[in-house]
Amino acid sequence: MNNKEYRPTLAQLRTFVTIAENKHFGTAAAKLDISQPSLSQALVALEQGLGIQLIERSTRKVIVTSAGEELLPFAKAALEASDAFLARARGTNGTLSGPLTIGIIPTIAPYILPTLLQSITDSYPELKPRFVEEQTQHLLTKLREGSIDLAITALPTESSGMVEVPLYTESFTAVTPTEHPLAGHQDLTLEQLDALDLLLLDDGHCLRDQVLDLCRRAKINPSEATNAVTRASSLTTILQLVMGSLGTTLVPESALATECTHPQLAVARFAPTATAERQVGLTFRSSAARAEEFRTFGALVTAAYHAALTRSRELFPVP
């Protein structure tokens, strides 16, 4: 029976949320750094207090009940509100501190993380970041579920219930084999995409969609401009294929210093009049109580991007 006087503790709510997110008692206990019996006791106390079964347990799997699914967003909101309350009480509103789970897409992460992590260590030592690298759609799902706090993605995401904060606009560059007739050019047009035989990332990567959109803007049939058969799940693999003269590709300019220093690769830039670029920004829930902290974090991301851009332009100068 529901106890009308019962009030769940934050620890009990956190136990429920962690079990529901991980669907495994052992994993949830490890993440909360408590024993499995303590985890089970906290969940039982919560269910008994509410008079509702939240989690079904069996020897093979853990299932969130329909009542649990209905209450899960409220438990997450309560935990977020508690974190925001503590941040304000400590005078740290707008100053980064405590745990922060950040989603980031694969065509950004390798190029900004070295500088970003160092900046966090130097400027915000009380921040405890956790990073999740996924494709945009998976990150948006995790945002809606509450398993990450914010995401660094290309914009717009066109996802309802989210706030988008633009951070920077980044140019694309063409990467070709050194013997390619367009290698080293500084005045590519969008129409010349038709001559590049582009290698693309797999479905689900926003960079793939952005390149296909450039083809459409140039009134080029994407199937004619791209190598539709050969695909890969990372830029690193794509560039290995370019080195093997299987085609060319487009990469964000911040990736050049990391990915394109091999002597078999050459860079070709678009003319200033050819708009070949993407906008990158933060996405987070409109209900998030830490919006000011997220914007502060966004400034770190922008600075890390410019550091990566500087490294790329030192190796591949812009005329």
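Visitor: Which helices and strands do the buried residues of helix 2 pack against?

Guide: This is a predicted model. In it, the buried residues of helix 2 pack against helix 1 (10–22) and helix 3 (36–50), and also against strand 1 (55–57) and strand 2 (62–64).

Visitor: Which residues of helix 2 are buried, and on which side of helix 2 do they lie?

Guide: The general idea comes from helix geometry. An α-helix has 3.6 residues a turn, so residues three or four places apart point the same way. In helix 2 (residues 25–32), the buried residues are Phe 25, Ala 28 and Ala 29. They lie on the same side of helix 2 because they cover an arc of only 100° around the axis. The face turned away from that buried side carries the exposed residues Ala 30 and Lys 31.

Visitor: What backbone feature is found just after helix 2?

Guide: Just after helix 2, Asp 33 takes a positive phi of about 60°.

Visitor: How do the axes of helix 1 and helix 3 cross?

Guide: Their axes come within 9 Å and cross at roughly 110°. Angles of 65 to 115 degrees count as roughly perpendicular, so helix 1 is roughly perpendicular to helix 3. On the side of helix 1, the contact is made by Gln 12, Leu 13, Thr 15, Phe 16 and Ile 19. Helix 3 contributes Leu 39, Ala 42, Leu 43, Ala 45 and Leu 46.

Visitor: Which UniProt annotation covers residues 8–65?

Guide: An unreviewed UniProt entry annotates residues 8–65 as "domain: HTH lysR-type". In the model, this span is 62% helix and 10% strand, and its end C-alpha atoms lie 18 Å apart.

Visitor: Which way do the residues of strand 10 point?

Guide: In a regular strand the side chains alternate between the two faces of the sheet. In strand 10 (residues 265–268), Leu 265 and Val 267 point one way, whereas Ala 266 and Ala 268 point the other way. All four of these residues are buried.

Visitor: In what sense does strand 10 pair with strand 6?

Guide: Strand 6 (residues 162–177) and strand 10 pair in the antiparallel sense, over four bridges. Within strand 10, Val 267 is the bridge partner of Val 175.

Visitor: Is Thr 101 buried or exposed, and which residues does it touch?

Guide: Thr 101 is placed in strand 3 (residues 98–104). Its relative accessible area is 14%; buried means under 20%, so Thr 101 is buried. Leaving aside residues up to four places away in sequence, Thr 101 touches Arg 130, Val 132, Ser 147, Ile 148, Asp 149 and Leu 150.

Note on methods. Residues numbered from 1 in each chain as written. Predicted model: local features only at pLDDT ≥ 70, side-chain atom pairs only at ≥ 80, totals over all residues. Heavy atoms only, no water. Helix = DSSP H or I, 4+ residues; strand = E, 2+ residues; numbered from the N terminus. Buried < 20%, exposed > 50% of the residue type's maximum accessible area, 1.4 Å probe, protein only. Contact = heavy atoms within 4.5 Å. Pairing = 2+ DSSP bridges. UniProt positions renumbered as here; feature names shortened; annotations may be inferred. Arc of directions from axis to C-beta. Axes fitted to C-alpha atoms, helices over the stretch in contact; angles between N-to-C directions. Parallel < 35°, antiparallel > 145°, perpendicular 65-115°, else oblique.
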